[in-house]
Amino acid sequence: MRGETQMYRATIVSLVCNVVLVSIKSVALFMVNSLAIAMDLGISLVGLIVSIILYYSIKLSTQPADLVHNYGYGKVENVCEGMEGVVLIGIALAMSSQALVGLFHPNPIKLPWVGFSTSVVNVLINFGGAFYIFKMAKRSGSPAIYAEGVHFKLEGFISGMIAIAFIVGMALHAKGLDALARHADPLTALIVSIAVIIPSCKLAKNSFFKLLDATVEEDSQMEILKQIARHIDKFCDFRELKTRTAGRKKFIEFKIIVPEDISFRMGHEIVSNIEKDIQGNIPYCEVNIKLEPCDKDCKFSRKGQRCPYLF
Ligand SMILES: [Zn+2]
């Protein structure tokens, strides 16, 4: 299936970046003893686990439909998206309570320069990774890969914030404001936790609503109408247009009302032509059109005209 290669590439890049990030942050945490870096490490660990799950999910989501799952496995992508959101919310909540404790009993951090420079490296890895993953998400149209890109960008901002906090901490320390400097770390951890919760809730919420058979996005809806309109002279009316999504896959169904006395062969031809046109313009979609005979109540009949004939 198209897009599969891009999805695998994005997942491999994400996996490698996460392994590097987890290593850098583990060493930094050991050397610097910072709550903010601990939070950052937690996020990367989740990222690493998610990218492993993602790798297997892609394998599953690209599997063809079978006897047990007649509509394929597309929804596993939305499940992945939701899981990533939920786990991040969990980490943020755990870390914010840690940060609150830290604000009242701040621990002095060691080697802030190490904290600062590793954070800057992390920012570069995250934004570089996010750039590539977003590119692959766009090419494959995969919501799970897009969610992974959001995660990477978010992580980049977090590491950036932590780097700034180290600078602020060092500046305060240089001015002899040690008590204040000690609060910079837990305060950053708290701000980061709150900053993570909001987009993670959004991610989780969106994926759950997509699992409840959300319609296709507006661009595809317009495309369906455009393709139906191209065949407007071949049917009396169309109704009951329904669409739903499962990961990258889209399912479209509707009825077209045709003049009652056209041949079975012609009816079949009209349906297949519309299906082909829609499938040719919307990637990964399955179209199901039902034929119904006109009971002489279409806009043509009402005006005393004959239903539209094809020849
Ligand atoms: Zn009619």
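Colleague: How many bridges join β2 to strand β3, and which way do the two run?

Modeller: First, this is a predicted model, where local features need pLDDT of at least 70, side-chain atom pairs count only at pLDDT 80 or more, and totals for chains, interfaces and linings use all residues. Residues are numbered from 1 along each chain as its sequence is written. Strands (E, at least two residues) and helices (H or I, at least four) are DSSP runs, numbered from the N terminus, and two strands pair if DSSP finds at least two bridges between them. Strand β3 covers residues 285-293, and β2 and β3 are joined by nine bridges and run parallel.

Colleague: Which residue in β2 is the bridge partner of Thr245?

Modeller: Strand β1 (residues 237-246) and strand β2 (residues 249-258) run antiparallel, with eight bridges joining them. The partner of Thr245 in β2 is Lys250.

Colleague: Which residue in the hairpin of β1 and β2 takes a positive phi?

Modeller: That hairpin has two residues between its strands. The positive phi, near 65 degrees, belongs to Gly247.

Colleague: And which residue in β3 is the bridge partner of Lys255?

Modeller: Back to the pairing of β2 with β3, which has nine bridges. There, Lys255 has as its partner Lys290.
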